[in-house]
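Hi,

Here is the structure I promised to pass on.

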Amino acid sequence: MALLELKNISRHFEVKSSLIDRFVYGRPISMIKAVENVNFIVNENEVLGIAGESGCGKSTTCMMISGLVKPSSGEILYQGKRIDQFDSDENRLYRSQVQMIFQDPYETLNPRFRVIDTVAEGPRALKLWPENEIVSRVDDILDAVGLSPLKYAERYPHELSGGERQRVGIASALVMEPQMVIADEPLSMLDVSIRAGILVLLKKLALERHFSCVYVSHDLSILGHIADRLMIMYLGQAVEVGPTRDVIQNPKHPYTRALIGAVPVPDPRSSRAVPNIIGDISRPIDPPPGCRFTLRCPYSDETCSQTFLKLDTNQSDKHLTACHRQDALDS
Amino acid sequence: MSDAAHKTWYQIFFRTISEHYQIIHGNFLGRIGFWVIAFFLFVAILAPWLAPHEPWEMQYDSEGNFASLQMPSWEFPAGTTHLGYDLLSQLILATRTTLIIGAVSGFISILIGANIGLISGYYGGKIDEVLMRFTDILYGMPFLPFVIVLIALFGRKLEFVILAIVLIIWRTSARVIRAQTIAIKQRQFIVAARARGCSDFRIIYRHILPNVLPLLLLYASFNIAWSIITEASASFLGFGDGETISWGGMLYELWLSGKTRVAWWWFASPSLCIILLVTSLVFVSRAYEEVANPRLRKR
Amino acid sequence: MNSKPLLEVNKLNIRYQTQDGEVHAVADVSFKVFPNEVFGIAGESGCGKSTLIKGIMRLLPENAKMDASSIKYKDQEIDSMREKNFREEVLWKQISLVPQSAMNSLNPVYKVGEQIVEAIQAHTSQGIKEARERVAELFDVVGLQSEFMDSFPHEFSGGMRQRAMIAMALALDPGLIVMDEPTTGLDVLVQERILRRILEIRKQIKSSIILITHDIAVIAEMSDRIAVMYGGRIMEQAKSLDLFESPCHPYTLGLKNAFPSIKHLDQELISIPGSPPSLLGLQAGCPFEARCPFSSDRCKKDIPEVVVKEKFHEVSCFRHTDAPELREHATKLSTWHY
């Protein structure tokens, strides 16, 4: 049984319009369809990468998994049970089991809290253990992320570097021994020579502590290194999923091909194909039915704009694509 | 090992106190304000022992004459009233009243204002609407007439004076703290706190409140200053507390006596005290403003 | 590249006076940019690359002091030029800048075309009609449709705004364009398009480009020659190919390990321990010393001289002679984390 399963998850936001627009001009309410009918599963002990550009819905998906935002439709199942049907005890348990690591190390810590307070906050709020046990667990986790408690526990955020702050963020998520960690672009705001350290740390901790991870990023080079399986999203729809190596080396969906082709390689000797794609990305406001990539896709046909082939969640290990024009692409 | 590394709660408490001390003293004006307030506090606490005479006792000067309307002298450093009362004693005892009213009104009003601001800002929606409309209605109330009406209706007692002041003064701090709460609640560390499992209550009071504290303290000093002025104005118009004496009350007595044009010393000392204390409070709040608004700090 | 350099900078130093003391942001930087080439300056935040270019363009804040042996553009000393002359003759006409977060520097209440016209008219005596024609030309060069000239910035996407800023930089046909983090914050596909377009522009108008970024992959793809900066100094500079095939400086070696590549998914990622140095106060020795696995006592005290290994390949490291050995050791995890 999969640890986490998302079934037909959608999230729509209303675009606030003026009363004049609504009643005088009779314009209907616009909807931002940030996430549309997304299916995927996350198994135990695996890292699922979610890749896509801005506006693809990956951050919103993160927020829905962690329970901070409610889906507009669809079900999220954790260990087989629907999370919207939890009672307060189960909710509390879910909170401690599913944790998040955030993107901006300069904003993720309360400037008034010492490191020890930030890391201990989760267990204290959920009353997981008695105070002295919490303190000793905080010390342990700080050690595990490479921050010596003697040096760091009493410090305030403004006394820490970006990399150190991000480690505190990781410690605060992991102190509760979660089963699932959602990482929302944790490296993008760190210096390049520091990123590798945090990435390696995350990988090591995931292996040692047996948690699954949903790693969201726009950087495919990073995802290539940490994700076991990779899912590509475009404008709220999941277009391809499969083992990372397969998706990167044999991309099936035209968007994935374009994306992979566009990633710069830190080696002047290598060359890459020019991505075959038209136009600029749009916002997912009142999108047409069907595949949202249609207008930019060089292979699109009539059917593409009408229906969208959803990915079949049950076949978790296979390399799947939501494109029905696969033969045209391969020729 | 771990116990030694972590500070106890009283260590943190002392550190916070010293932090605030630094804030106030870091600013030149703040330092002046602090010492003036400290002086008045000292006088207020030791008032009964410091006052040389009874406030409403007819005094006689060294020659045995009735000491009416005497200018400031060695015997009566602040002069006397037309009934021979020693103004210095009155001044000293009035300090206590004024400070009590000021402090109590200031703190209660900030307590109400801060909580309404935090709750309104954090929850938004209907709660916000209701609370803010309520605040708006109170904004429409004219300051002094309202205070006067309340006191006229319910009597000239100390508690009513405080109540009347509090009811008006909490409004501004509520609006401002609401605005800052809204700004802070969007920030990532608050989202992170929710992700860690904190309840709304915990987030408001444990996570957001420490971050609005500088603004809060700024308005606390402001509120105290405003309370003192309001009380002085109300007392001057005859609506102050009947039992005790305050600086405004002294001015009221002066006005009643009809000797305003003659007894400049009677006018000078309470007015000076009001100006000094209120200005000092404003200086202290200026020091907090630099913390709350980092742009004001020197590069 | 056998011709005379377009821009020549010798021993440039920039110091800031702050409340906490003096910050030596750029130290003894020397480099050349030749005609018709892309010169990349790579480095992390705080290494001084943006400060360096702002210094040359005289856009530093008041508390900064700059001094250099010489800064020459087309063999003319621009370092000692008077402010007025520099502004009228060099800035924008000879050297132009696409600053960091340029896409956010457009004034939201004016149309985009208007803003470029204004920039043109400020530096030349062109009339509005001429200027508008020029803007239409520029839009074409950067790949924007000319209808968008009369749109407002909020109607442009991030990528489009960045192109508009590039258009503004090209307006007066400068010989040298400096781009500071031109694609940071943009999506991958947009970034790819803009970078490709920059290369096309360079072919078309034959100016040189200085590209400043922390993204090693972008610099590898775009640059002909690269300078690697750290702690305010240039650690190594070489032709792109040379830098990647035979790097000499430990910092360059460290960066190679720390950058994941989509082509080498099996690569072992090794981070450089520690963090970038504070440039406050007196700086003794090599800035990379604290994080360098090959450092010696000498590195703490003395600053390595610039050594020319081959034409266009310069290193600042005492151990440059051991380069092949260092390259070997650098690939092992234990070298960096012990």
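A quick term to begin with: helices (H or I, at least four residues) and strands (E, at least two) are DSSP runs, numbered from the N terminus. Keep in mind that this is a predicted model, where local features need pLDDT of at least 70, side-chain atom pairs count only at pLDDT 80 or more, and totals for chains, interfaces and linings use all residues. Residues are numbered from 1 along each chain as its sequence is written, while chains are lettered from A and ligands numbered from 1 in the order in which they are written.

Let's start in chain C. C:Ala136 sits in helix 4 (residues 128–142) of that chain. Two residues count as in contact if their C-beta atoms, placed from the backbone, lie within 7 Å. Setting aside neighbours within four places in sequence, C:Ala136 has C:Ser146 and C:Met149 as contacts.

For burial, a residue is buried if 20 or more other C-beta atoms lie within 10 Å of its own, exposed if 12 or fewer, and partly exposed in between.

Over in chain A, helix 2 (residues 58–65) has seven of its eight residues buried, so it is largely enclosed by the rest of the structure. Among the buried ones are A:Lys58, A:Cys62 and A:Ile65. Just after helix 2 of chain A, A:Gly67 takes a positive phi of about 85 degrees.

Most residues other than glycine have a negative phi. A:Lys127, however, has a positive phi near 50 degrees. A:Lys127 lies in the loop between helix 4 (115–126) and helix 5 (131–144) of chain A, and is exposed, with 11 other C-beta atoms within 10 Å. C:Phe312 is not a glycine either, and its phi is positive at about 70 degrees. You'll find C:Phe312 in the loop between strand 12 (307–310) and strand 13 (313–315) of chain C; having 16 C-beta neighbours inside 10 Å, it counts as partly exposed.

Finally, how many residues does each chain bring to the contact between chains C and A? Chain C brings 32 residues and chain A brings 37 residues. On the chain C side, helix 7 gives the most, with five residues.

Cheers
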